[in-house]
Amino acid sequence: VHVFNNPSSRFKMEIFSVLAHIAWTYLLHTYYEQKGVNIVSADGRSLLLSQMLARQDCPLSKGTKDNLTMIKGIRDEVEHLLLRRSDLKWAPLFQACCLNFESFIVKLFGEKLSLQNELSFALQFAKLDIDQINTFQNYDIPQQIEALDARLHKDMSEEQLANLEYQFRVIYTLDNASKG
C-alpha cells in the first residue's frame, strides 16, 4: 500500500499485485497452520495461494476469492509484460483487496492487529477540477491492458463484478461549502 500510494513510485500496479499475492499467501498459510493443516508438501514447497483458494475449507468469501484470482492474473501477466499506465484501471480491485485483507486480519487475530490506523487514506496536494476528472475518465488505456482486463473478466457475471469484495469503487465529489 505504501508503494502504491507513493507518488514517486513507478510500477505501482505491478508491485501491488505481486506483494498482495505474497501477503495473502502468508496470511492463509497462518490460518491453515492455526487449524492444524500441513501446508508444506514432501518436496518442501508450501501451498500456493491458488491451491488454498480452491480448497473446500477456504475461509474466504466468493467475492474475496474472485478478487484474489483477478489479482493473481494481473501478477502472472506482470512477469511477462510491462503493463505501464494501468494503475487507475485496477484501483477498485486493489482497494477491495486492502479492505478484504484488513477484514480477514481482524477476523483471524482480532482488532489488536488491525492495519486501519496505520494505513488509511492517502492525502493529496492537488485538487481535481472538472476538466481533470474528465481527463481521468477518458484516460487512454493501452490495448494490451484492455485485452488482459477483458480476458480476466470474460467469465464473470454482473453480480460478481458488482460485489464490493471483488472491486470497491469510490466516487469523489466536489463539495462547495461556505467559509463560515
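Visitor: What makes the pair R55 and D57 a salt bridge?

Guide: This is a predicted model, and in it the closest N and O atoms of R55 and D57 are 2.8 Å apart. The cut-off for a side-chain nitrogen of Lys or Arg and a carboxyl oxygen of Asp or Glu is 4 Å, so the pair qualifies as a salt bridge.

Visitor: Why are R55 and D57 given the label that they carry for accessibility?

Guide: R55 has a relative accessible area of 28%, and D57 has one of 35%. Buried means under 20% and exposed means over 50%, so values in between are called partly exposed, and that is the label for R55 and for D57.

Visitor: How many salt bridges does a search of the whole structure find, and which side chain meets that of D66 in one of them?

Guide: The search finds five salt bridges, and one of them joins the side chains of D66 and K62, with an N to O distance of 3.0 Å. Both residues lie in helix 4, four residues apart, which is about one turn of the helix. An α-helix has 3.6 residues a turn, so residues three or four places apart point the same way.

Visitor: Is D66 buried or exposed, and is K62 buried or exposed?

Guide: D66 has a relative accessibility of 12%, which is under 20%, so D66 counts as buried. K62 stands at 51%, which is over 50%, so K62 counts as exposed.

Visitor: What is the N to O distance between the side chains of K72 and D76, and where do these residues lie?

Guide: The side chains of K72 and D76 meet in a salt bridge at 2.6 Å, N to O, and the two residues are four apart in helix 4, separated by about one helical turn. K72 is partly exposed at 23% relative accessibility, and D76 is likewise partly exposed, with a relative accessible area of 22%. Together with R75, K72 and D76 are linked in a network of salt bridges.

Visitor: How do you know that the length of helix 2 agrees with its number of residues?

Guide: Helix 2 has 23 residues, and at 1.5 Å a residue these should span 33 Å; the end C-alpha atoms are 32 Å apart, which agrees. Just after helix 2, G36 takes a positive phi of about 80°.

Visitor: And how do you know the corresponding thing for helix 5?

Guide: The 19 residues of helix 5 should span 27 Å at 1.5 Å a residue, and the end C-alpha atoms are 27 Å apart, which agrees. Helix 5 is followed by G110, whose phi is positive, near 95°.

Visitor: Which residues touch the most other members of the largest nonpolar core?

Guide: They are W24, L60, I74, F94 and F104, in a core of 29 residues. The elements that give two or more residues to this core are helix 2 (12-34), helix 3 (49-54), helix 4 (62-78) and helix 5 (91-109), and the largest share, eight residues, comes from helix 2. Leaving aside residues up to four places away in sequence, W24 touches L49, L60, T64, L68, C97, N100, F101 and F104. In helix 5 the buried residues include F94, C97, F101 and F104. In soluble globular proteins, nonpolar side chains tend to be buried together.

Visitor: Why is H29 called buried?

Guide: H29 has a relative accessible area of 8%, which is under the 20% cut-off, so H29 is buried. H29 is found in helix 2 and touches I39, S46, L47 and M52, not counting residues up to four places away in sequence.

Visitor: Which residues form a nonpolar patch on the surface, and why can I15 belong to a patch?

Guide: The patch is formed by F11, I15, L19, I22 and Y26, with about 460 Å² of accessible area together. I15, which lies in helix 2, has a relative accessible area of 31%, and patch residues need over 30%, so I15 passes that cut-off.

Visitor: What makes up the chain as a whole?

Guide: The protein chain has eight helices and zero strands. Buried residues make up 33% of its 180 residues, and its accessible surface comes to about 12,400 Å², of which 54% belongs to carbon and sulfur atoms.

Conventions
Residues numbered from 1 in each chain as written. Predicted model: local features only at pLDDT ≥ 70, side-chain atom pairs only at ≥ 80, totals over all residues. Heavy atoms only, no water. Buried < 20%, exposed > 50% of the residue type's maximum accessible area, 1.4 Å probe, protein only. Areas by Shrake-Rupley, 256 points an atom, 1.4 Å probe, with all protein chains shown as cover. Core = buried A, V, L, I, M, F, W, Y, C linked by side-chain atoms within 4.5 Å. Contact = heavy atoms within 4.5 Å. Patch = residues over 30% accessible without salt bridge, like charges linked within 9 Å, V, L, I, M, F, W, Y side chains within 5 Å. Expected span 1.5 Å × (residues − 1).
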